[in-house]
Amino acid sequence: MSAQKRRMGGVAARSVTADLFAEMLPAMASQPVPVPVPVSAPVPAAAPHAVPSPRERTRPLPKQLWCAVVFPDLGDSEAAVTLQRLSLHALQFTSLVSIEMPNSLLLEIKGSVKLFGSLELLHAGLAAVWERLAWRVQRATAPTTLAALWLARAGIPSCIEDPRSLAGALAELPIACTAWEPERLQTLRSMGITRLGELLRLPRAGVARRLSPAAVLDLDIALARQTAPRRAFVPRERFRRRCDFETEIETVAYLQKALEPLIEHCAQFLRERQAGVQALELKLRHRVLSVTRVRVGLASITSDRRRLADVLDEKLGRLELPAPVRGMELLSGSLQPLSGSSLDAFAGLRGGGRDTAPELVERLRARLGESAVYGIECIPEHRPEAAWQRVHELQLTPAARTGSVRDWRLQDDMPRPVWLLAEPLLLSAAQLGQLAQGALALEGGPERIESGWWDGKGVARDYYVARQMHGARWWIFQERQTKRWYLHGVFA
Amino acid sequence: MPRETSSLADILADERVWKLKDASASLGPSRPVWSTGRSALDARLPGGGWPTASLVEVLLETHGLGEIQLFLPALVESQNRAGEAPWLVWISPPHEPYAPALAQQGIELGRLLVVRPASATEALWAAEQALSSGVCAAVLLWLQGTDDRWLRRLKLAAEAGGALGVLFRPDRHRFESSPASLRLLLTQGERETHLDIIKVQGGRPGPVEFPAS
């Protein structure tokens, strides 16, 4: 049979199974398949560990084909790192690669069969990769993840395409290939069960009760009665692109121009991966001098070309080139998934403006410096100078609003000035004279603040609101020990 | 093209007809105003409060004359109003804004930015960015001196972004021309602060009774 014919036959068979699939499972119990599967017996509603019966499900499972690759030689140490590296190699065969600790990879290859021409060619390609990397592997292919994994662990290099033959193929496997907990396997062995087929013959409710509902779920997943979504491996990537100039560039304006295509590439790169970055680095190479690095941070994760360009432009605009530039390289920080809100196409229309708060903050920070833009917050503390602090990690999205600190308030009758001096200012002799004459009139107070004896910065002060003769209102205090007067704040 | 004859009222109701008198009232619905919290001052301002999408200039003899108290009720109101751009930006304030005092007055601190630029030009640039961004309800800017051209840019930015721009400057600039739509002068009096309206578009300049808060 030619490959073409086989493929067509396969398609026809699949479309039939797709229709029949929902009906197939109940029929399986009575069908004389190699091993009878009475596990799908209905569960009584009052069962203590109720496992939903697959009969309740009417939607057919998605058609998938999983290739499990087990690396028996993989040691425990660094297994995770090694598997990630191996996943990168597996990504050339499919976009859906999933890591199964401690030593296996799962590849969804249904979508790739057509690309490689046939399943045989795909398998041959896979085998060649591991051979080239000098890894001993055990491979198996099956319509479900667990079936493929169990077959591969058992070292049976089978390739099952039809979900109906799963039960038969799994029946001969030893129960150890499920990699269940030792206690569960021990229970099974004490029941005299060593092969999966023997387990499948047991009544479903009994298995759920005597082993665990999780075991039944595993069997359902292996036999394609239950879906089991896998977490896809996402490679850690960064954008990195170089560009060399034919002539040396001496002005920033030309650099900005030359940077445009790089930013365009970067935005494209991010869009393709549905990801964003929060940091960028631009390296400018000179002939003699070492590389000039321009680092920018963004207030929120973005893949927007205009935002990336704005921030880089702003930063470059303030740069003094130490020497002519021969080439440059744009690097991104680590890629992070874009949140749904950042894809809001109408965000810019709100309020009639063209920005969002993160954009404004990062533009200000790009030009003025990170520490020049900050927020302030209250701290529950009695010493006035310690009752607030700067906030540099701003929460810029409305969802992140928290009221815990903000809700802490002073008693409302205690006046606090809008301006607090960085250091209390000792009142001059002239001002003390005014105080004595009543030209600096005490209006409110005293409010005694006595706190902080435990950390060596204790204060014992009596605070007053004082009105200057000409209208300004001050917040002054008298230190209780020294009887000295200080100005601490201005009511503006 | 023949047109139906319309009554004077219809013509006046037409948006394209600009009415010289009471211009502020016709602007009322499109540009919200924020109450100053002082009825004596509200009555003197067109529309009955601080105009949004415009530049207000406050000339100060010294700090601490109640200049923040003039704007705090409006700032709180602007943050509380649902659907409005809720950010407040304070650029180069003369001292540290004291968080407990502002929280006490009802300001939402999570929506307040303090910006400390290194120079006056950068402060003006930051103010322009914040005003035109559309995410700020009000931008407060403290400056020692600046030229007319920059103020005009700030005014345009405020109009574009719909924000209230407040510029605090020393009172020595009172005799210079300014594009601000409202100019106030705060001076120390014999016993209390004096508030003078130097310039107001659509209103009458003059001193305002300014009771101490």
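**Chain contact, helix packing and a sheet**

In strand β5 of chain B, P97(B) is the bridge partner of W419(A). Helices (H or I, at least four residues) and strands (E, at least two) are DSSP runs numbered from the N terminus. This is a predicted model, in which local features need pLDDT of at least 70, side-chain atom pairs count only at pLDDT 80 or more, and totals for chains, interfaces and linings use all residues. Residues are numbered from 1 along each chain as its sequence is written, and chains are lettered from A and ligands numbered from 1 in the order in which they are written.

**Between the chains**

- β12(A) pairs with β5(B) (residues 96-97) in the antiparallel sense over two bridges; strands pair if DSSP finds at least two bridges between them.
- The contact takes 42 residues from chain A and 43 residues from chain B, where two residues are in contact if their C-beta atoms, placed from the backbone, lie within 7 Å.

**Two helices of chain A**

- Helix α5 (residues 145-154) and helix α10 (residues 213-222) of chain A pack at about 95°, with axes 6 Å apart; axes are lines fitted to C-alpha atoms, for helices over the stretch in contact, and angles run from 0 to 180 degrees between N-to-C directions.
- α5(A) and α10(A) are therefore roughly perpendicular, a term for angles of 65 to 115 degrees.
- T145(A), L146(A), A147(A) and W150(A) of α5(A) meet D218(A), I221(A) and A222(A) of α10(A).

**A sheet in chain A**

- Four strands form an open sheet in the order β2-β3-β1-β4 (chain A), with antiparallel pairing.
- Its edge strands, β2 (97-100) and β4 (138-142) of chain A, each pair on one side only.
- β2(A) pairs with β3(A) (residues 104-108) over four bridges, and L105(A) in β3(A) is the bridge partner of I99(A).

Technical notes:
Parallel < 35°, antiparallel > 145°, perpendicular 65-115°, else oblique.
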